[in-house]
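I opened my notebook to keep a record of what I looked up, one topic at a time. The entries follow in the order in which I made them.

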Amino acid sequence: MKAWLPALLRLAVLALLVVFITSPGWFEPLLKPLTENGAPAIYNQGSLLTLTLQHLRTVLVATVAATIVAVALAILVTRPAGAEFLPLSRSLVNIGQTFPPVAVLALAVPAVGFGEKPTLIALFLYGLLPIFENALTALTTLPGNVMEAARGAGMTGWQRLMKVELPLSAPVILGGIRLSVVISLATATIGSTVAAKTLGEVIIAGLISNNLAFVLQGGLIVAALAVLIYDGLSAIERYAARRMGQGAE
Amino acid sequence: MIEIEGITKRYDATTVVDNVSMVIEPRTIATIVGTSGSGKTTLLRMINRLVEPTSGVVRLDGADNRSVPGYQLRRSIGYAIQGHGLFPHRTVAQNIATVPLLLGWDRDRIKARVDELMTLYQLDPQAYGPRYPHELSGGQQQRVGVARALAAEPNVLLMDEPFGALDPIIRTKAQEDLLAIQKRFGTTIILVTHDMEEAVHLGDKIAVMDAGKLVQYAKPAEILARPASDFVETLVGASEKPFRLLSLGPVRDAVEPGGAEGEAIPGDATQRDALAELLWSGRPALPVKDADGKLLGRVTVEGLVKRAARPQ
């Protein structure tokens, strides 16, 4: 019973989420008590489904870009030729993290204008650090005798990277991507302040019109997405780790 | 044939390997012994250029080992290390196929070779081929490690304390397997160990390293009888010498005519085993049989004791 309970719970959350964003009208009676003066209980200035998909797309684009750049950077600075750039790249990525996302948005708007672009820039910068750190940790803590065997077998540097280093680092790099995705899911809501189409729109609309129902539905959708995606990526990570014989079994 | 000529490795001010020259005859086993930090591993790694020497030359069958790129050289030389270093994300069969795959062998040839080696190492290809290294025991992992090193039919096999992580029983078995396989393929093997017992047992010749220098390079009997320095003497272990000497020869060579009571000892057991058996059972003589059970004669305590004396 214990084994299937979490799976069932996740399935229920997923089903509820899908039903809510496709047919939010069904939940109107539930949310009605949270509104005042006959305000609408369900967000009515756009479809929740479209907003959710746009929210996810923004996060996906930013995360893919951050993954490519962060992993490439980590590979570069762990090669003998790039070792001297290690401190520099570390501080660059750290700076990306110390800028508050709101500040990045505010600075990006004059440069690239309102809309999705400043949000993507903020999410990209924010997503870099966890992935870079994890990729760096993974690539620098590979088992010594395995790397020795790879060299001894006559693999070239490129073959070692593709056939041994990256596959062995995959679980830890995935962990970094997971963190980055969850941070981005939450941060993306702020993007709505600069007119990006994300679920933040619902929350901000609720805050402006003092409509608790809006705030709640926007917040809950983002939270449910985060939990489900976090769980899904954790499962992939565990699978990958088990394949490497590192599973916590 | 491997010719090492005046090879030196320096890291800044420290000299790790100091002007070492030695020749390893084809189809023999050379063991390199020394304490940790004696430079024995560095010497080994300069043969397949995992370490580039500061000066000196290594020639394999007459060709300078710098005449091809390092990675290409390493594909032609087997390399087995302590703790096996198997790729944890690849199956046993894929691990063994590593070098043949790098060399671009076709699938059938790779599969045939992997099956041959696994069978040779008593691992059923059907049962063990698809498994991952972490699903094997320590002894099995070690065998896969050596099988991987031998996969591309190298003429030369370098081994760096390959049996270091094994328990004594599996270790003895692994040593026997190695001797059998060396006989079968005629591979030239250079094996680094810190265990004199292992060096004497496996080596046709033993190289003793101390502080980066080659102190003595000779046949085991010679090392035991005439250690070149106090260091070699200590390494051999003064109280062990007669027994190590006996362990070099099979009982067959010590047979005297005549018979004896009791259970027979096989002719290819070592003389050391025979002496131990004699002392333990309190008998003065043991009958000796060959593999077919034919009586060869007997060994006596007296005869063995004579053989354990310092060779003149």
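**Entry 1: where the chains meet.** I began with the contact between the chains, and I found that 20 residues of chain A touch 24 residues of chain B, where contact means heavy atoms within 4.5 Å. I noted at once that this is a predicted model, in which local features need pLDDT of at least 70 and side-chain atom pairs count only at pLDDT 80 or more, while totals for chains, interfaces and linings use all residues. I also wrote down that residues are numbered from 1 along each chain as its sequence is written, that chains are lettered from A and ligands numbered from 1 in the order in which they are written, and that side-chain values use heavy atoms, with hydrogens and water left out.

Next I looked up the area: chain A and chain B bury about 1900 Å² between them, 57% of it on carbon and sulfur atoms. Buried area here is the accessible area (1.4 Å probe) that two parts lose on being put together, summed over both. In chain A, the residues that lose the most area to chain B are Glu148(A), Arg151(A) and Arg243(A), together 26% of what that side buries.

Entry 2: I found a salt bridge between the side chains of Glu148(A) and Arg45(B), at 2.3 Å from N to O.

Helices are DSSP runs of H or I with at least four residues, strands are runs of E with at least two, and both are numbered from the N terminus. The largest share of this side, 7 residues, comes from α7(A).

Entry 3: Leu286(B) has Val299(B) as its bridge partner in β13(B). The two strands, β12(B) and β13(B), form a hairpin with 5 residues between them, and Gly293(B) in the turn has a positive phi of about 90 degrees.

Entry 4: Asp18(B) lies in strand β2 (residues 14-24) of chain B and Lys213(B) in strand β10 (residues 213-218) of chain B, so the pair ties together parts that are 195 residues apart in sequence.

Is Lys241(B) buried or exposed? Lys241(B) counts as buried, at 15% relative accessibility, since buried means under 20% relative accessible area, exposed over 50%, and partly exposed in between (1.4 Å probe, protein chains only). Lys241(B) forms a salt bridge with Glu233(B), with the closest N and O atoms 2.8 Å apart, and Glu233(B) is partly exposed at 28%.

How values were computed: A salt bridge is a side-chain nitrogen of Lys or Arg within 4 Å of a carboxyl oxygen of Asp or Glu. Two strands pair if DSSP finds at least two bridges between them.
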